[in-house]
Amino acid sequence: MSTNATPAGSTGPASGTPGSVIYQERLWPNFWIWLIAAGTAGAVIFVLAPISLTTGYIAAAVAAIILVVLLIVSAPRITVTEKTLQVGRAQIERKFVGQVDAFTGDDATAQRGTELNGTAYMCFRGWIQPVVKIEITDEADRTPYWITSTRRPNQLVAALSKRDSQ
């Protein structure tokens, strides 16, 4: 049986799963997301300036810190080790990983939309266009596949296709 969707506080590849890391990626926000966060924090100055300019600057600094922390904490990690695959908070043993396919362009859009199975595990980021679809072969798991955004779809597919260590 697989260890799907382990809770956020549980151990994962970085904290005790045996095996070396074959592939790792962090889905950081694009540059324009950081600009929007900076603009939002800066807008706080204008909102609070009629009350007090000093209060506006302090609130903008606090808003900037909060937004940066939220963007950093919410960036999921994809980790492939010899024995496990972890996407965001979900983790599964690699022996339950079936066919892996990369999609870009219109195909990626279709996989995230019209072709999407509602019972699949999804880890999307709107600022990352390519996706990888990972078939789950565990009969005890009702999730047919995982689909995740990735900036390096071919490398992720290659890492998941390596079967020599299993």
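What is the mean pLDDT of the protein chain, and what percentage of its residues reach 70 or more? The mean is 86, and 86% of the residues reach 70 or more; pLDDT is the predictor's confidence in each residue, from 0 to 100. Over residues 1-17 the pLDDT is below 50, and beyond near neighbours in sequence this stretch has 34 contacts in the model, a contact being heavy atoms within 4.5 Å.

Some ground rules. This is a predicted model, in which local features need pLDDT of at least 70 and side-chain atom pairs count only at pLDDT 80 or more, while totals for chains, interfaces and linings use all residues. Residues are numbered from 1 along each chain as its sequence is written, and side-chain values use heavy atoms, with hydrogens and water left out.

Now the overall layout. The protein chain has four helices and eight strands; these are DSSP runs numbered from the N terminus, helices being H or I of at least four residues and strands E of at least two. From the N terminus on, the order is β-α-α-β-β-β-β-α-β-β-β-α. Of the 166 residues, 37% count as buried, where buried means under 20% relative accessible area, exposed over 50%, and partly exposed in between, with a 1.4 Å probe and protein chains only. Among contacts with a separation of 6 or more, 70% come from residues 24 or more positions apart.

Next, the sheet. Four strands form an open sheet in the order E1-E2-E3-E4, with antiparallel pairing; two strands pair if DSSP finds at least two bridges between them. Strand E1 (21-26) and strand E4 (90-93) are the edges, each pairing on one side only.

Going across the sheet, E1 and E2 are joined by five bridges, and Val21 stands opposite Thr81 in E2. Strand E2 (residues 77-81) is largely enclosed by the rest of the structure, because four of its five residues are buried. Three bridges connect E2 to E3, with Ile78 opposite Val87 in E3, and a hairpin of two residues leads from E2 to E3. Strand E3 (residues 84-87) is then joined to E4 by four bridges, where the bridge partner of Val87 is Ala90.

Is Val131 buried or exposed? Val131, in strand E7 (residues 131-136), is buried, with a relative accessible area of 0%. Leaving out residues up to four places away in sequence, Val131 touches a list of residues including Asp101, Phe103, Arg112, Phe124 and Ile147.

Last, the aromatic rings. The structure holds one aromatic pair. Tyr121 and Trp146 form it, at 5.1 Å centre to centre and 55° between the planes, which counts as tilted. Rings of Phe, Tyr and Trp (its six-membered ring) pair if their centres lie within 6.5 Å; planes under 30 degrees apart are stacked, over 60 edge-to-face, and the rest tilted. Tyr121 lies in strand E6 (residues 121-123) and Trp146 in strand E8 (residues 145-149), so the pair ties together parts 25 residues apart in sequence. Tyr121 is partly exposed at 23% relative accessibility, whereas Trp146 is buried at 2%.
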